[in-house]
Amino acid sequence: MAATSREAKRPGAREKTATEGGETQIQTDVGQIMLLTDPEVESSLLISSDEGATYQKYRLNFYILSLLFHPEQEDWILAYSHDQKLYSSVEFGRRWQLVHDRVAPNRFYWSKTGLDKEPGLIHLETSISEGQALYVTCKLQNCTDANKGKPFPGYIDPNSLVVQDEYVFVQVSTAGKPIYYVSAKREVFTPMKLPKYTLPKDLHVISTDENRVVAAVQEWNQNETYNLYVSDTSGVYYTLALENVVSSMGPEGNVMVDLYEVAGIKGMFLANKKTDNQVKTHITYNRGRDWRLLQAPSKDLRGNGIHCVLPYCSLHLHLHVSANPYTSGNIASRDSAPGIIVASGSIGSELTTSNVSVYITSDAGNTWRQIFDEEYAVLYLDQGGALVAIRHTPLPIRHLWLSFDEGQQWSKYSFTNTPLFVDGVLGEPGEETLIMTIFGHVSHRSEWQLVKIDFRSIFNRRCTEADYQTWHLHNQGEPCLMGVKRIYRKLKPMSRCVMGKMYSVSMTSGPCDCTEADFECDYGYERQTDGKCSPAFWFHPSAMSRSCTTGMTFLNSTGYRKVVSNNCTAGVSVEYTARRQQCPIQAPKGLHLVTSEGTLTATLGTNVTFLVFLEEGDGLRTSITLDFGDGHALTYSNVSSIEDGIKHIYKAVGIYRVTATGENSLGSETAVLYLHVTCQLEYIHLSAPFVAVRNKEVNLTAVLWPSQVGTVTYIWWIGNNTEQPVITLEGSVACTFSREGINTVTVQVSAGNAILQDRKNIAVHEYFRSHLLAFSSNLDDHNPDVAEWRLDVSRVIKNSLIQATGVREDQFLVTVLPGLPTTAEFFLLPDKMLTEGKPDKSSAHLDQLSEVLLNALNQNLVKFTLRPGVQVTVYAAHLSAAPLVDTSENHSGSAMLMLLSVVVVGLAVFVIYKFKRKIPGLNVYAQMQNEKEQEMMSPANPTEATPSSQRDLVHSLEILDTEFNSRPIEVKWSGQGVNGNSKAK
């Protein structure tokens, strides 16, 4: 939501001033002048209190991006810095104080007298996080947390705060759908009611004058145009005023809507509307209730007749507004010169950018005259008593034109001896000015030249009463506009005198009887082809009594409402004005339950604010019961007692069914909301075996910390299937690997706004044999128990084993296991060239490799240096952590012998692993189903990302899951331990 450049500006009001790219001058009405230095050179202010005779420098510790002056207090200024900080000064910039940081650009506003409690109150939008902001108010010199106000109960969308006149607007998006809120006269915020199927993509506040909002809305089916909507005095209920108004992008990327509010004439607007791909200018005198095309001049500049017949041909105007009037396509009007409008445009079937001329009207748009046949910049002097025109051209010029008769005749004057490339024109502050400044350059290489022109010498006297005449405002002969007949006092066209500062616009008015033209369609009603207002197909007129209280009254709409600020009386007023009726007694209907943030999620342990709205029913006599779904419930006697919301804190993660029930003597209504209470997912760990047997099922488990975070989705990429992930709601999956070699498993866990990932490499082989390794105790003193350290040490151990035994690198893998004391495991792999398709040779080959390695380990031949002075010895722990099992389907032998073997091996595993005794190596072939976190060294150099914190959690994952086939294991005691032969299938 934004306030666009088409919003009404008060004459002389000082808005935010851009200061980038050079020196900027600001002058007040009491002779104070402020100069802002170029921030690329230094950050300082030059301040003069004697109209520029002397200056004093004040250095700043921040760079000013923009300034906002107080509309009443001359010395009060707000300054916005490049680092999003807002500063204030009550001494015209001589001293500054930080107000707030993380303030949104152009989203800070001064308080308004009569509406805000304090004159020094500041409205501002502050950023909380990406996608979230807050609307806060604070005192000018004391913006502490204790003194901050939060008028809106919840977060708002970034760059959505607009404070304009008596209205405040914010935007809140829910599931991608924007909801616009308005507060009138600083009361509570209420959702803006646009016609039901407007479905806005964008909304801009155009004007808030005369207790009414004009908004430009881009609807779901529009791309380059906006529809204009006008509100009632509350700013809540909107009706359509004009469709398909043209828009464009401004120089700063802001949206420019082609709507112009004419100064000096209440209720008068000009707009460019696109019809059948043609842009045409329309005019209204009653705030958008009725629009018509502009009648083109009957003659051109040279007196030749112009054949232009409505509606096929009309006058079209460019409606650009700029602080620099020396801009192409400008339009201008002044409060002090009612009825005079100067604009660039063209005549024909549509608005064009070619053949542009300058046109003027002296009677508020009823008739127009061409004053130049090319573009000129026109300025008002002496409150509109004279007009100055400068040609808009890229060529150097030295003349200007002056008119004292509303543009009918022009006199040529020279303002410089040397032709000047004009860059801009500025008028002195105040509409009564007779001084203007032209700035430009003599050549493209020269510096700026300023030419100050004083027109006071041209005027030889002050205006008297005889120099003025009366002028009756009308619309094509109709004198009753906005319910009154208005008569203005204007300067006679040929009077060459100075009106001066004491002049004020004089207007008398007389009331008119109300007619149908003084009423527009009310909210929910649409104007039909016969001009009558009828309910829209989606609107239920009875719903307008929804805020009614039994025993009270409400205004029952007739389908019409008087145009805001229309002062007509009598006539058809009784027929069209809403009628006051007794509120009906009705059961509650249309109960709504939402969170203040408009979301369906909440964070564990934080306050959740629930808002309950009732569309129809007696709010004062309808009790509300809110069941939070966690065993707690609250009951309130009426709806009005919970306007600020109901707060609750959930103490456990889960999905809660929150129920609101409204009940009175005539019935009840229930609304349900399912709230997801979550906590932040900190990290995940993928538990998977280091080595697996081909075509045998493997369990993969994603372990979360914390373990309960709310609704979680798991996405798995297993092995070579990288294009089609497996999506589950459970943290474990089972899979098989049909291809030998390194297989990668990746899991992503999505919880709330967080998505975390872990990855493991699994070595898949037909046969393997494994042994546990132990180390001298000094290694534990240097073990930080992080994955990267284990990976590096695994590589060092492998290199030491290769040096001590001569075994090839591709014939074994090494991984250091998590936890303390430090342990490791190595896996022996058969030589494919020797054992391919020969199970017996594979077993014998692995026996030979095992004997070589165990001998080297038992003789303390495997050592490595961790750091200078720290030498670590590697020992055989004499136990296989993942024995290889015979996976064939043949079953033979005694079941008792098999059971006895399993018990013996199980006891041996427990005793040896518990007490770390050095006994002769124990070797058992078995299928590996190990789910320990492990790192490996392989020819492919696989890596893994393992959580490096929460050591106890990760260590608890070391589960030895070894499955034994039902075939008996042959046990032979020898000097090298137990040997068994089997085939993995």
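Which residue forms a salt bridge with Asp 116? The points below take up that pair after the overall picture.

1. This is a predicted model, in which local features need pLDDT of at least 70 and side-chain atom pairs count only at pLDDT 80 or more, while totals for chains, interfaces and linings use all residues. Residues are numbered from 1 along each chain as its sequence is written, and side-chain values use heavy atoms, with hydrogens and water left out.

2. The chain contains six helices and 72 strands, these being DSSP runs (helices H or I, at least four residues; strands E, at least two) numbered from the N terminus. Of its 985 residues, 51% count as buried, where buried means under 20% relative accessible area, exposed over 50%, and partly exposed in between (1.4 Å probe, protein chains only).

3. The partner of Asp 116 in the salt bridge is Arg 186, with the closest N and O atoms 3.1 Å apart; a salt bridge is a side-chain nitrogen of Lys or Arg within 4 Å of a carboxyl oxygen of Asp or Glu. The pair links distant parts of the chain, 70 residues apart, since Asp 116 lies in the loop between β10 (103–110) and β11 (121–129) and Arg 186 in the loop between β15 and β16. Asp 116 is buried, at 12% relative accessible area, whereas Arg 186 is partly exposed, at 21%.

4. Strands β15 and β16 also belong to an open sheet of four strands in the order β13-β14-β15-β16, with antiparallel pairing. Because β13 (162–164) and β16 (190–191) stand at the edges with a single partner strand each, one side of each is left without a neighbour in the sheet. Within this sheet, β14 (residues 167–174) and β15 (residues 177–184) pair over eight bridges, pairing being assigned if DSSP finds at least two bridges between two strands; Val 172 stands opposite Ile 179 in β15.

5. A further salt bridge joins Arg 289 and Glu 516 (2.7 Å, N to O), and this pair too links distant parts of the chain, 227 residues apart. Arg 289 counts as buried, at 13% relative accessibility, while Glu 516 is partly exposed, at 25%.

6. Asn 783, in the loop between β64 (769–775) and α2 (787–805), counts as buried at 7% relative accessibility. Its side chain makes a polar contact with the side chain of Thr 822 (2.9 Å), a polar contact being a pair of N or O atoms within 3.5 Å, where within protein one must be able to donate a hydrogen and the other to accept it, and residues adjacent in sequence count only if both atoms are side-chain atoms.
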